Amino acid sequence: AMGRWWMVLAVAVMGMEADVSMCAYADLQSSPHFSFLPKHHAATPNRNGVRPASVEDSSRNPWKLPATSLLALPRLLGTWRDSPQTRACGIMLAACTAGLWTSTGQRFLSRLLPLGLRGRRRRRYLGRAAPVKAENEEERTQYQALPSVMTWNQPSNFLQGRKPELVLEATLPAMDGPETFYGLGCNETEFKLFLDYIAGTNLRAEEVHITSKYVDTQDENVRAMLRERWNSRHLLLKNKSSKNVMASDTRLVAEVKGYLKRMESFESEPMKGATLLQWLEEECGDELIQRCRADSDLSTENTQRALKEFLDWFKKEFPYYDKKCFHCEHAEGERLGSIRASEEEEEFLASRSEILRCPSCSRFSRFVRYNTVSKVIETRKGRCGEYSMLMYHIMQALGYQTRWVVDWTDHVWVEVDMHGSWLHLDACEAALDNKKMYVAWGKQHTYVIAFVRGACEDVTVDYVDDMEEVRKRRDLTDEDLKASLEIAQAEFLQELASKS
Ligand SMILES: [Zn+2]
């Protein structure tokens, strides 16, 4: 009987501890010294221009307690370890607490709770923020557009994207005075190695002082600052798309225009058409190239067979570059991040260069993302970006009407017009006529858009099984997407005309 009482007491103590730690968590979140915690409440003021005094978080499970509640456990176990009942009770408590950390455990427990308690507990107090008045008319308008009650249940909550990002900063001594470099998304070790690479020597730890700061990359001032640092080649970006952290225009229209510009740059490629065809015949053999040509007398089936043969040759000669060391061929280089390509590299339309460090020979490799045929042929290092560009030019040289297909989940390939229907060709995978292969990979497509010079078309439906699923993932409706593509094409053509 005593064991049961111990259990009741223990649960009561745990409950108290939980409440205390919830408050502690809330306080932590409102403290400026703990910027590593997501600051849900410290966001934007509400529609009256005043920050709400409290923000209720209704989707987060109240049972997901912070680590502090676990602190109660050793105390409980330490005091009552001496009887088998209390030991069992302790083990049960530990198991329950551990179970509460899993979402299934939380769901299970919240179902067991009486409804009233569940309703009361679900609203969690997240902390206090000092009321802030709108500074000016513009801010007031902005705030008025916001929902007055902020909850995490809203489908696209404006707070959810605002996670602070860590920026590392260090100043290196240089010939023309000290220069400051920045790292976004990388850790200190990677940043230090990047500084080693920049300095060209092994820096001694005491020579360089790295400071860190959290920034909000949704803030336009922060984005402008990152853009400036990127443009001056002082920013290392690790696993970050520049669009997400520094683009001045994040609309789909802007992205599509960017790809239309890239397509336009293909036109000024010096090594295309006959020159490229000659190179192909020398490298790959006259006979196969003749069979691959659009104007050969072969049947569709035989042409496709030849193209497949060619893709296999291509994949062997142009293997997918991952992270192999340029010096010792060690396969597992560490990717430190990317910086903007140098002026010389930009002449070959490179936008950025990846910096890798070899754990075996400690040397650095610089993988330049070139975008011209001659450079990719010379280096034979590329990923889908480089190889789809090269394949586009090759297919054009073979006489096919070709389009360049961009998948918004980070892949790109080409399609050629094969007697009136668009045939899929993926240079990285040596894949031909296999549009559903990406679904088999588990890709969650959002937009797949085919580009020709000055125009584009949404071709997602060709590449997916379930278009309804895709629509749920998209942030634009079909009409908005259509309109966006039209606006992008119109704006692009207008800008092109005004340039010439
Ligand atoms: Zn190496």
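Q: Where is Ala430 found?
A: In this predicted model, Ala430 sits in the loop between β12 (421-426) and β13 (431-432).

Q: Buried or exposed?
A: Ala430 is buried, because its relative accessibility is 5% and the cut-off for buried is under 20%.

Q: And what is phi of Ala430 near?
A: Near 50°. That is a positive value in a residue other than glycine. Most residues other than glycine have a negative phi.

Q: What about Ser362, what is its phi near?
A: Phi of Ser362 is near 65°, also positive. Ser362 belongs to the loop between β8 and β9. Ser362 is partly exposed, at a relative accessible area of 37%.

Q: Switching to the metal. Which protein donors does the zinc ion have?
A: The SG atoms of Cys325, Cys328, Cys358 and Cys361. They lie 2.2 to 2.3 Å from the zinc ion.

Q: What spacing do they follow along the chain?
A: C-x2-C-x29-C-x2-C.

Q: Which parts does the pair Cys328 and Cys358 tie together?
A: Cys328 lies in the loop between α13 (300-317) and β7 (334-340). Cys358 lies in the loop between β8 (352-357) and β9 (364-368). So the pair ties together parts that are 30 residues apart in sequence.

Q: How accessible are those two?
A: Cys328 is partly exposed at 32%. Cys358 is buried at 1%.

Q: Why is the zinc arrangement tetrahedral?
A: Because the angles between the four donor atoms run from 104 to 117°. The ideal for four tetrahedral donors is 109.5 degrees.

Q: New topic. How far apart are Ala224 and Met246?
A: 22 residues in sequence, and 6.7 Å in space, C-alpha to C-alpha. Ala224 lies in helix α8 (residues 220-231). Ala224 is partly exposed, at 32%.

Technical notes. Residues numbered from 1 in each chain as written. Predicted model: local features only at pLDDT ≥ 70, side-chain atom pairs only at ≥ 80, totals over all residues. Heavy atoms only, no water. Helix = DSSP H or I, 4+ residues; strand = E, 2+ residues; numbered from the N terminus. Buried < 20%, exposed > 50% of the residue type's maximum accessible area, 1.4 Å probe, protein only. Donors = N, O, S within 2.8 Å, 3.2 Å for Na, K, Ca; no water. Tetrahedral: all angles 85-135°; square planar, octahedral: opposite > 155°, others 65-115°.
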